[in-house]
There are 2 protein chains.
Amino acid sequence: MATVSRILNDLTGYSEGTRQRVEKVMKDLDYSPNAIARGLANKQTSTIGVLLPSVSSRFAAKLLQGIETASHSLKHSVIVCNTHSNGERTMEYLQVLKEKRIEGLIFISEWLKDEYVEVIKKMGAPVVLVSTMSPKYRFPYVKVDDKQAAYDAVCYLIKKGHRKIGLISGSRYDQIAGLPRIEGYKAALTEYGIPVKEELIAYGDFHFKSGAAGCEELFERDPDLTAFFVTSDEMAIGAISCAYRRGKRIPEDLSIIGFDDTEDAEMTVPPLTTVHQPVEDIGKIAAELLIHKRGFDESVIMPHRIVERETVGTL
Amino acid sequence: MATVSRILNDLTGYSEGTRQRVEKVMKDLDYSPNAIARGLANKQTSTIGVLLPSVSSRFAAKLLQGIETASHSLKHSVIVCNTHSNGERTMEYLQVLKEKRIEGLIFISEWLKDEYVEVIKKMGAPVVLVSTMSPKYRFPYVKVDDKQAAYDAVCYLIKKGHRKIGLISGSRYDQIAGLPRIEGYKAALTEYGIPVKEELIAYGDFHFKSGAAGCEELFERDPDLTAFFVTSDEMAIGAISCAYRRGKRIPEDLSIIGFDDTEDAEMTVPPLTTVHQPVEDIGKIAAELLIHKRGFDESVIMPHRIVERETVGTL
DNA sequence: CTGAAAGCGCTTACAG
DNA sequence: CTGAAAGCGCTTACAG
């Protein structure tokens, strides 16, 4: 029994002869190790949990792809939990993951509530935050510098000669992907001596429809806008649709720069200029951090860059 | 011990008094049941596995969303496995899932190879095929009628007055989403007495670039084409981009009908007319079938329908 | 190098 | 209604 276990786990302490004999018998009996029993005995499950608000956006799907690929290389399985941004569901999932004794948790894009942290701490598993962070709890995170990225995007527009720049943003109450990008937008305008006008900011939810609505809204308020910074590609696509309906040509009449650089960005007409986030790598690195348990304060700020395609014109 | 177990599992056989006492102690000790131990004892893991070629397409992500949501309602967790359409990886995953004693397997969009089935049978867990099927192995499947759906799409085009209809298809060697849709296309043309020309068929891989390339290819071969049936939304978006580069207006100069009706379809300019598959429901139903283990031959053909938006014009 | 023993934390008959 | 016992299939000291 013990010897077989050693052989199975590639340890030392057995002769070549018995190894062969054991392996033959395993073949003959079509033996398959039971990971559950092993898990109970040595308290390892080789599985991690991923909590995300929605799996169906391209951004989330790409993140998951990176996480899953890296985890698999490191011999871990991943359980996905689609919280729908719902606190109760999140708590349920956390409970299940705790009972299933996962060895690590990746928490994506949401605000980390106190009640979550309570369970997480009891769970005892390490956590990595992705595309979010918590000022209160010092869990390691992997994300881009949202404020800087937004700042860069708007500077890019300004350098192309734009002065009347609208912002289509996520919620201003979103401390992570909302507020910081708004701040970056304002900082860039201020830097160039352009007055910040609150009425040139529209608030959406990062999805298509709200992008189109935001665009309508801003044009109602100021038909002379020449450029938009839109804080997600999906909303940017909404803005493109809106521009098209209004008969505005892109980039001749209106310039648009997005955020994320998911596959959507290459698929628009014309192709979308946008701020690139290395989404798949973010997922990979988060999984590696988690599984290697490098401990606290191992946060990593991922590099962003502007990918120039065809939606921004020079004024 | 046994009584506590009964209480935890909501069985009968204990007095109200002891129940309260036990629950109080559980609170005080901050007790958390160990699902691994339970799994070992009663041979249940309450988790299923999902094998899919890629998680990052909108189609796959939506499917996964449906699967995950239904599974969660039925108290099951889902482990995702991203095979990258790679046979070796698939075998690895199958092995891991077997060792982890999953209670069911959802196999998506790929051809079911003999070697997979060998492991699956040993695994002993039920299987449901999604967006695929196997003529050789009678596993239950959930999908639309691909041939009929393609037939309907092309008939729609014909009824709008089109006669010169190109096809941008998946691989002709793809027995599931490739060939049947090609057959549907041919059947519709034949039905209306339109000669089938092989040179009006381009072969892609369901993704954006191959859609654009297919469009270029077909226009080289016949500049007079007035309509395309494109067997995925993503390829249809590629065709839209190609048309735009060639200065063709949609739908005035060129009509396009896609396939899938993922969220992409609403986001194009102009919005894409396409064949709708109830993707999320397909995922939900597959999970429900699997978890309820309704046994063999419980396959379900999901309804498709044409969603009219703005990319098809009348001739 | 090899195997007997205890233990991982539960559940399921079984006896009381 | 309650609890002792065996067992789920492994791993980890420990003794030989």
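Let's start at the DNA. By class, the surface near DNA strand C has twelve nonpolar residues, nine polar ones and one charged. Keep in mind that this is a predicted model.

Which residues come nearest to DNA strand C? Of the 22 residues around it, the nearest are A:A2, B:S5, B:N34, B:A37 and B:A41. Look at which elements they belong to. Helix 1 (2-8) and helix 3 (35-42) of chain A each give two or more residues to this surface, and so do helix 1 (2-8) and helix 3 of chain B. Helix 3 of chain B gives the most, with five residues.

Now DNA strand D. It is surrounded by 22 residues. The closest are A:S5, A:N34, A:A37, A:A41 and B:A2. Helix 1 and helix 3 of chain A, and helix 1 and helix 3 of chain B, each supply at least two residues here. On this surface helix 3 of chain A gives the most, with five residues. By class there are twelve nonpolar, nine polar and one charged.

Next, the two protein chains. How is chain B related to chain A? Turn by 180°, shift by 0.0 Å along the axis, and chain B can be laid on chain A with an RMSD of 0.0 Å. That is the relation of a two-fold axis. Which residue of chain B comes closest to that axis? The answer is B:I79, with its C-alpha at 2.2 Å.

Stay with that region for a moment. B:I79 is the residue of chain B closest to the axis, and strand 2 of chain A covers residues 77-82. Strand 2 of chain A is joined to strand 2 of chain B by three bridges, and the two run antiparallel. Within that pairing, A:V78 stands opposite B:V80.

Now the whole interface. 38 residues of chain B are in contact with 38 residues of chain A. On the chain B side, several elements each supply at least two residues. They are helix 3 (35-42), helix 4 (58-73), strand 2 (77-82), helix 5 (87-99), helix 10 (233-245) and helix 11 (264-267). Which of them gives the most? Helix 4 of chain B does, with seven residues. By class, this side of chain B divides into 18 nonpolar, ten polar and ten charged residues. Do the copies meet through the same surface or through different ones? 100% of the interface residues of chain B are also interface residues in chain A, so the copies meet through the same surface.

Let's step back to one chain. Chain A has twelve helices and twelve strands. Its C-alpha trace spans about 80 × 35 × 30 Å along the principal axes. Of its 315 residues, 50% count as buried. Here is a number on the fold. Take the contacts in chain A between residues at least 6 apart in sequence: 71% of them join residues at least 24 apart.

Now zoom in on strand 5 of chain A, residues 141-144. Are its faces covered or open? Both are covered. A:Y141 and A:K143 are buried on one side, and A:V142 and A:V144 are buried on the other. Strand 5 has partners too. Strand 4 (residues 127-130) of chain A is joined to it by two bridges, and they run parallel. There, A:V130 has A:V142 as its bridge partner. Strand 11 (residues 300-302) of chain A also pairs with strand 5, in the parallel sense, over three bridges. In that pairing the bridge partner of A:K143 is A:I301.

One more residue in chain A: A:F228, in strand 8 (residues 227-230). Is A:F228 buried or exposed? It is buried, because 32 other C-beta atoms lie within 10 Å, and the cut-off for buried is 20 or more. Leaving aside neighbours within four places in sequence, A:F228 is in contact with A:G166, A:I168, A:C215, A:A239 and A:I256. A:Q148 is 80 residues away along the chain, and the two C-alpha atoms are separated by 17 Å.

Last stop: helix 7 of chain B, residues 146-159. It has 14 residues. From first C-alpha to last it reaches 20 Å, close to the 20 Å expected at 1.5 Å a residue. Which of its residues are buried? They are B:D146, B:A149, B:A150, B:Y151, B:A153, B:V154, B:Y156 and B:L157. An α-helix has 3.6 residues a turn, so residues three or four places apart point the same way. Just after helix 7, B:G161 takes a positive phi of about 100°.

Conventions: Residues numbered from 1 in each chain as written. Chains lettered and ligands numbered in written order. Predicted model: local features only at pLDDT ≥ 70, side-chain atom pairs only at ≥ 80, totals over all residues. Buried ≥ 20, exposed ≤ 12 C-beta atoms within 10 Å, placed from the backbone. Helix = DSSP H or I, 4+ residues; strand = E, 2+ residues; numbered from the N terminus. Pairing = 2+ DSSP bridges. Contact = placed C-beta atoms within 7 Å. Nonpolar A, V, L, I, M, F, W, Y, C, P; charged D, E, K, R; others polar. Expected span 1.5 Å × (residues − 1). Near = placed C-beta within 6 Å. Least-squares fit on C-alpha atoms with pLDDT ≥ 70 in both.
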